Amino acid sequence: MQMRDKVREAYSAAALTPDARHAFPVGRVFASSLAYQENAPAAALEAFAGVSNVPAFACIPEGATVLDLGCGAGLDTWLVAPRARRVIGADFSLPMLRRASSCRPVNTMFTLAAAERLPLQDASIDVALVNGIFNLNPSRAEIFAELARVLKPGAHLYAAELILASPLPEDERRREDDWFA
C-alpha cells in the first residue's frame, strides 16, 4: 500500500470512528485546545484533525471565494462560510467529505480531489486555507504549483503545518509505520 493510501485510510478512519485511538489528535477536545468555537456542528468537531485554528487568523474579504484545501470534516469551511461569498472544501477522504457535507452551509460545496490536482479554474480563488496537509503528502511542490494556479493575482494563502524542531534520525525517517512523524 502506498503512503497516500495509508494516510487516506487513517483520516477516513478518523471520520468513521472519531472516538477510536488514532496516530494523531482528533476531535472536540483537541479542537477546543486550539480555541475553536464550541457551537460548531458536532459532525465537524468530532472528527477535526487539523493542526491549528486557521480561520482565527485568516482575513476573508467580503465577497471572497475561499478554498479550504484538505478540509477534512469541514470545521474550517463552516467557520469561514459566514465571511465568504463561496467556500469550496477539497479533500481526498470520502468519509471526511461526507461528514463535512452533513453540516454544509448554503454557500459551500465539497469536492473529492487530490491537493495537487484540483478541479478548479485557473485564478478562481481569493483566499486559500490549508490546515496540516503538507507533512502528509510527498507531492509538496505539486501542491504549491496547484495553489499558484488556482489563486487569483493578489490572493492570500493561510496555512498551518507541523514542523520538526530538528531532523528525525535516519531510522525513524524510513519507518512507514510512523508516517505522521
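Which helix holds both Arg149 and Glu146, and how many residues apart are they? I started my notebook here, keeping in mind that the model is predicted.

Entry 1: I found Arg149 and Glu146 in helix α7 (residues 140-150). They sit three residues apart, about one turn of the helix. Their side chains form a salt bridge, and I noted 2.7 Å between the closest N and O atoms. I also looked up how open each partner is. Arg149 is partly exposed, with a relative accessible area of 25%. Glu146 has 10% relative accessibility, so I wrote it down as buried, since buried means under 20%.

**Entry 2: a pair across the chain.** Next I turned to Glu116 and Arg4, whose side chains meet in a salt bridge at 2.2 Å, N to O. Glu116 belongs to the loop between β3 (108-112) and β4 (125-131), while Arg4 is in helix α1 (residues 3-16), so this pair ties together parts that are 112 residues apart in sequence. I have Glu116 as buried at 10% relative accessibility and Arg4 as partly exposed at 23%.

**Entry 3: a pair between strands.** I then checked Lys152 and Asp126, which form a salt bridge at 3.1 Å, N to O. Lys152 is in strand β5 (residues 151-160) and Asp126 in strand β4, so I logged a link between distant parts of the chain, 26 residues apart. Lys152 is partly exposed, at 31% relative accessibility.

**Entry 4: the tally.** How many salt bridges are there by this rule? I counted seven, with a cut-off of 4 Å between nitrogen and oxygen.

How values were computed. Residues are numbered from 1 along each chain as its sequence is written. This is a predicted model: local features need pLDDT of at least 70, side-chain atom pairs count only at pLDDT 80 or more; totals for chains, interfaces and linings use all residues. Side-chain values use heavy atoms; hydrogens and water are left out. Helices (H or I, at least four residues) and strands (E, at least two) are DSSP runs, numbered from the N terminus. Buried means under 20% relative accessible area, exposed over 50%, partly exposed in between (1.4 Å probe, protein chains only).
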